[in-house]
Every structure is written in C-alpha cells, then in structure tokens.
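Let us read a model feature by feature.

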Amino acid sequence: MSAELHPSIVALVSLAANIAANHPKQGLCQVDRLRDYGVSKDQIDAVIEIARHIRNEAAQNLDASFDEAYAVCSKPADPLARIGVVEMGAACCTPTPSGKSCC
C-alpha cells in the first residue's frame, strides 16, 4: 500500500531540504508552488526558519567537531619526546620510532 503525499507537502519538504543542504537554487521554485497550492506565508516562513535552524546547527556541530580534531593534531610536538636514549658509554643514540637518526 503506497500513500501519496499531497503536492504541497512534497514542496514543503523540498523547500526545507534545499535550504538545509545549501542547494544553489535555495528552493525558490518550491515557494512559487506553495503559493499556488494556497500555503500561507506564515507556514512557508515557519518551514524556512526550521530549515535554517537545522542547517546552522549542523554547521556549528561540524565546526566544533573539526575544531576538536584540529586542536589535537595541531598541538606542538615535544622535540625531545622522540629522541632515543641509550645507556652511558654507548657511541650513539637509537633512531626515532620512524627510523630517523637523532645523532
């Protein structure tokens, strides 16, 4: 059993998706359809507000996640942390874990 959505619902969903996805066409053609279907400006405005909120919230969460990951990978490395140390009397130090000589 397949339930068909009313074209106004499809246009509202499409408008919201276009806005939330930052689609270049921004869903403007759906606005014209919605007006033709008799959807009120207040209802269209509510959908636009919700879609923008979702888009902005997603962007903020993505930015925060990026900032956390960036902070971890951009901490300055301790230059002494990878130097191999040998006991007294040895001629040279051991290589770093990646094989670079520190002597």
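This is a predicted model: local features need pLDDT of at least 70, side-chain atom pairs count only at pLDDT 80 or more; totals for chains, interfaces and linings use all residues.

A: Residues are numbered from 1 along each chain, and side-chain values use heavy atoms, without hydrogens and water.

Q: What describes a pair of aromatic rings?
A: The distance of the centres and the angle of the planes. Rings of Phe, Tyr and Trp (its six-membered ring) pair if their centres lie within 6.5 Å; planes under 30 degrees apart are stacked, over 60 edge-to-face, the rest tilted. Here the count is one pair. The centres of Phe66 and Tyr70 lie 5.9 Å apart with planes at 5 degrees, so they are stacked.

Q: How many residues apart are Phe66 and Tyr70 in helix H3?
A: Four, about one helical turn, in H3 (residues 41-73). Helices are DSSP runs (H or I, at least four residues), numbered from the N terminus.

Q: Is Phe66 buried or exposed?
A: Buried means under 20% relative accessible area, exposed over 50%, partly exposed in between (1.4 Å probe, protein chains only). Phe66, at 54%, is exposed. Tyr70, at 47%, is partly exposed.

Q: Which residues line the largest pocket?
A: Rolling a water-sized probe over the atoms shows where empty space is left. A pocket is an open set of points on a 1 Å grid where a 1.4 Å probe fits, with protein on both sides within 12 Å along at least five of seven lines; lining residues have an atom within 4 Å of a point. The lining comprises Leu15, Asn18, Ile19, Asn22, His23, Gln26, Leu28, Val31, Ile48, Arg52 and Arg55. H1, H2 (28-36) and H3 each supply at least two of the lining residues.
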